[in-house]
Amino acid sequence: MLHSETISHSSTMEFFSFSSSFFFLVSLVCAVSLVFYSFAYKTKEDVPGTKPTLPPGSFGWPILGETLQFLAAIQQGAAESFVSKRTSKYSSKVFKTSILGEKFIVFSGAAANKFIFFHNSKSLIRWRPPSVQKLFPSIAFVPIEHDAAKARKFMSLFFKFNETQKLVASIDSISRTHLQNHWENKDEVKVHSMVQLYTFTLACHLFLSINDSEKVSKFLCHFNTLNRGILSLHLNIPGTPFYHAIKAAEALRKEIYLIIKERREALAKNLASPTQDVLTQMIAVPWGEDGFMTELEIADKILAFLIGGHDTTTAPITFAMKYLAEMPHHYNEVLREQREITELMKPREVLCWDDIKKMRYTWNFANEVMRHRTIIQGSFREAKTDIIYKGYLIPKGWKIYWSVGSTQKNSKYFSEPERFNPIRFEQNGPSPYTYVPFGAGPLMCPGKEYARVTILVFLHHVMKMFKWEPILPNEKIKVELVPTPAEGFPVSISHIST
């Protein structure tokens, strides 16, 4: 649940939306573009003056634009390099380009982050390509700004009604049970798949009240198929990944419809609480003048919550364990803190919120992991009206790529940005709007503390119970929805006697 609005349905959509659009676009235009003379064209750089003009930049190749360069950077987990090369070239933190078949303005920098957070509902809306509508059909009839507001409302209500200590206790129980059932008595594990099972189990429990391990595994299998299809050519032809993704989404919605039916019956008999989980809240709580949400809308939002609620916490935990294995000094510091907390807990065994607040170095370490290994590289918006930004015109209808991670590796904001240094986050931490994995201002993620507890509780227990060594020290990183070790970060593990 990272990046601004991370836990919300809206951020989950923007989190993966560009990928599927790109694959369709490239397949369509590559053959066509061969017809054109091999040259790139660059528009005249506009200079801000009394009359607003477009930002400087290049629309790249005819039809294709700069999509190939953009995708190459995304797949390398280095979208900020695509942005930084052009901001340096044009001497501007805002520039125009053409990607994904659309005219884009690219924002970067702390000022851009602040602008997005405080102007989101006034002049900007989230942009989603048609491919996402095929996988999440309720998007077609729900105004995009209403969709985002609903998602934030229900997640905020959920975290309001669930006491922090109750939430910590649930996460503590699921974390320990997961490690006992899936890590103990094993010599090797693939960290990424095991952590994904933990975070998905947790999301199913909190969002749907599903605790059956077989049903959780079935859901996760469908979700992995859905994720693979999101990143594929979006042609609904039998045998293609997108076809399988459509089928997986349909199967998941069918299961959710059954749960909705059962939950309605339980509510009618006072056998369920309207605040027991996110699904039940969506069933029981009306949304303004629109009344109650349709079952399709509920199902699509739950699907998006489940994706956002586990993928974006799986990555930070996986990379935290990878960095701990590679950096003995930081491992020892985190271990020292966790052992101190364990001693202070005795004879109590279940973590509480006060314990979480004491994990200062561990949380600084986790934040530095998320800064050093950008989890969400950027997201999309569309201009609702003509916008003037930094003296430049952003025309109504133009798309905006917001480079979230561009500040995190920028020496202007972080000294020695390639150096891993958790001390950056001591005291007041980074300057405002330079590090925004959980958003800021009106778009502060309502699930920030959920993500914090999910990460810290797991690290506490895994460090108490196991030691691990990477089996593939030079394992490459791949980027799908989020960056992951290419082979799943396999490790050899040994149990620590207590």
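This briefing walks through a predicted protein model, from its confidence values to its helices, rings and strands. Residues are numbered from 1 along each chain as its sequence is written, and side-chain values use heavy atoms, with hydrogens and water left out. Because this is a predicted model, local features need pLDDT of at least 70 and side-chain atom pairs count only at pLDDT 80 or more, while totals for chains, interfaces and linings use all residues.

**Confidence**

- The protein chain has a mean pLDDT of 84, and 83% of its residues reach 70 or more; pLDDT is the predictor's confidence in each residue, from 0 to 100.
- Helices (H or I, at least four residues) and strands (E, at least two) are DSSP runs, numbered from the N terminus.
- Over residues 1-48 the pLDDT is below 50, and beyond near neighbours in sequence this stretch has 163 contacts in the model, where contact means heavy atoms within 4.5 Å.
- Where pLDDT is low, the predicted coordinates should not be read in detail.

- How far apart are the end C-alpha atoms of helix H12 (residues 295-326)? They are 47 Å apart, which agrees with the 46 Å that its 32 residues should span at 1.5 Å a residue; the expected span is 1.5 Å times one less than the number of residues.
- H12 is mostly covered, with 28 of its 32 residues buried; buried means under 20% relative accessible area, exposed over 50%, and partly exposed in between (1.4 Å probe, protein chains only).
- The model holds 25 aromatic pairs. Rings of Phe, Tyr and Trp (its six-membered ring) pair if their centres lie within 6.5 Å, and planes under 30 degrees apart count as stacked, over 60 as edge-to-face and the rest as tilted.
- Tyr 323 and Phe 420 form an edge-to-face pair, because their ring centres are 5.1 Å apart and their planes stand at 75 degrees.
- This pair ties together parts that are 97 residues apart in sequence, because Tyr 323 lies in H12 and Phe 420 in the loop between strand S8 (399-402) and helix H16 (448-465).
- Tyr 323 is buried at a relative accessible area of 6%, and Phe 420 is buried at 10%.
- Phe 420 also pairs edge-to-face with Phe 365, with centres 5.3 Å apart and planes at 65 degrees. Phe 365 belongs to helix H15 (residues 360-372), 55 residues from Phe 420, and is buried with a relative accessible area of 0%.
- His 330, in helix H13 (residues 328-345), is buried at 12% relative accessible area. Leaving aside neighbours within four places in sequence, His 330 is in contact with residues including Phe 365 and Phe 420.

**An exposed residue in the loop**

- Is Glu 418 buried or exposed? Glu 418, found in the loop between S8 and H16, counts as exposed at 55% relative accessibility.
- Not counting residues up to four places away in sequence, Glu 418 touches His 372 and Lys 409.

**Other rings and charges**

- Ring pairs link Phe 70, Phe 82, Phe 104, Trp 127, Phe 380 and Tyr 401 into a cluster.
- Arg 86 lies over the face of Phe 82, at 3.8 Å from the ring centre. For a charge to sit over a ring, NZ of Lys or CZ of Arg is within 6 Å of the ring centre and within 35 degrees of the ring normal.
- The charged end of Lys 103 sits over the ring of Phe 59, 5.8 Å from its centre.

**Strands**

- Strand S1 (residues 94-99) has six of its six residues buried: Val 94, Lys 96 and Ser 98 on one side, and Phe 95, Thr 97 and Ile 99 on the other.
- S1 pairs with strand S2 (residues 102-107) in the antiparallel sense over six bridges; two strands pair if DSSP finds at least two bridges between them.
- Which residue of S2 is the bridge partner of Thr 97? That partner is Phe 104.
- In the hairpin of S1 and S2, with two residues between the strands, Leu 100 takes a positive phi near 60 degrees.
- Strand S12 (residues 490-495) runs antiparallel to S4, joined by three bridges, and Lys 190 stands opposite Pro 490.
- Five bridges join S12 to strand S9 (residues 466-470), also antiparallel, and Pro 470 has Val 491 as its bridge partner in S12.
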